[in-house]
Amino acid sequence: MIKTKSSVTASKPTAKPKAAPAKAKPEASPKKKPARGKKKPASKPKPPVAPAPDPKAEPAPLAAPEAKPAEASKGGASPKLTVRDVPRVIAMLRQCGGIKTVAAERLNVGRTTLYAFLNEHPEIQEADSEIADELLDVAEGQVVIALRSGDMQTVRWYLELKGKDRGFVRRVETTGKNGGPVETAQKLDLANMSDEELEILLRAAEKRESTAGGK
């Protein structure tokens with residue numbers, strides 16, 4: 001037998017491709033530090049953006065106009081006073097010192113309406129007279145205080161009013177020009193004058209009128 005040698009050639013390992021060398025990263029430039037003492041400018045805030053109106057949204061209903069307050073009535077037509085207003089009218093007269101115009105304004109009625117209401121109710125008239133008497137008492141009290149404090153003007157005034165029977169009367173003298181007697185012009189009695197005297201007076205009057213008109 002013939003022996004054959006089988007030659008086995010070992011396959012050489014395939015060489016791996018070499019990796020490409022990594023590119024060098026560029027060196028980062030050093031960050032500049034902010035200079036001390038200088039502040040960074042504050043960024044301006046952005047204005048808020050209003051949301052777009054929804055076209056489907058229904059418009060808001062308009063507010064109803066406010067009713068104007070009723071003005072105070074002027075004059076005596078309205079409002080009218082009734083029997084229930086008698087205590088209120090008396091209290092207002094007392095508060096206003098019996099002055100009808102002021103009381104009517106505060107009662108919101110006309111002055112004529114208030115006078116007519118007083119004439120219709122005797123109890124209001126009686127209360128009005130009592131208010132007047134009370135005010136007189138107050139005034140007399142002030143006079144007494146002034147007299148006791150020595151107010152000479154009030155003393156003279158009081159003596160002239162209350163002391164006439166004791167001789168405290170103010171004497172007034174009336175004199176004419178430069179302290180002379182008072183001259184009084186006598187009225188002419190035309191009934192006792194003759195026609196000649198009347199004609200003379202008429203001519204004198206016409207002359208005075210013409211002289212006055214010429215000036």
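Predicted model: local features only at pLDDT ≥ 70, side-chain atom pairs only at ≥ 80, totals over all residues.
Trainee: How many helices and strands does the protein have?

Mentor: Helices (H or I, at least four residues) and strands (E, at least two) are DSSP runs, numbered from the N terminus. Here there are six helices and zero strands. Along the sequence the pattern reads α-α-α-α-α-α.

Trainee: What percentage of the residues count as buried?

Mentor: Buried means under 20% relative accessible area, exposed means over 50%, and partly exposed is in between (1.4 Å probe, protein chains only). Of the 215 residues of the protein, 13% count as buried.

Trainee: How do I read the packing of helix 1 and helix 4?

Mentor: Start with the axes, which are lines fitted to C-alpha atoms, for helices over the stretch in contact; angles run from 0 to 180 degrees between N-to-C directions. Angles under 35 degrees count as roughly parallel, over 145 as roughly antiparallel, 65 to 115 as roughly perpendicular and the rest as oblique. The axes of helix 1 and helix 4 are 10 Å apart, at an angle of about 15°, and the two helices are therefore roughly parallel to each other.

Trainee: Which residues make that contact?

Mentor: Contact means heavy atoms within 4.5 Å. Helix 1 supplies Val86, Val89, Ile90, Leu93 and Arg94, while helix 4 supplies Glu123, Ile124, Ala127, Glu130, Ile131 and Glu134. For the classes, Ala, Val, Leu, Ile, Met, Phe, Trp, Tyr, Cys and Pro count as nonpolar, Asp, Glu, Lys and Arg as charged, and the others, Gly among them, as polar. The contact of helix 1 with helix 4 has seven nonpolar, no polar and four charged residues.

Trainee: At what angle do helix 1 and helix 3 cross?

Mentor: The axes of helix 1 (residues 86-95) and helix 3 (residues 111-120) cross at roughly 115° and come within 12 Å. That makes helix 1 roughly perpendicular to helix 3. Val86, Val89 and Leu93 of helix 1 meet Leu114, Phe117 and Leu118 of helix 3. The residues of this contact are six nonpolar, no polar and no charged.

Trainee: How are helix 3 and helix 4 placed, parallel or perpendicular?

Mentor: Their axes come within 5 Å and cross at roughly 105°; helix 3 and helix 4 are therefore roughly perpendicular to each other. Phe117, Leu118, Asn119 and Glu120 of helix 3 are in contact with Pro122, Ile124, Gln125 and Asp128 of helix 4. By class, this contact has four nonpolar, two polar and two charged residues.

Trainee: Which residues have the most contacts inside the largest nonpolar core?

Mentor: In soluble globular proteins, nonpolar side chains tend to be buried together. A nonpolar core is a set of buried Ala, Val, Leu, Ile, Met, Phe, Trp, Tyr and Cys residues joined through side-chain atoms within 4.5 Å. The largest one here has 17 residues, and Val89, Leu93, Leu114 and Ile124 have the most contacts inside it. Helix 1, helix 2 (100-107), helix 3 and helix 4 (122-148) each give two or more residues to this core. Helix 1 gives the largest share, five residues.

Trainee: What does Val89 touch?

Mentor: Not counting residues up to four places away in sequence, Val89 touches Leu81, Leu107, Leu114, Phe117, Leu118 and Ile124.

Trainee: Which residues is Val143 in contact with?

Mentor: Val143 is in helix 4. Leaving aside neighbours within four places in sequence, Val143 is in contact with Thr154, Trp157 and Tyr158. The C-alpha atoms of Val143 and Tyr158 are separated by 8.5 Å, and the two residues are 15 residues apart along the chain.

Methods:
Residues numbered from 1 in each chain as written. Heavy atoms only, no water.
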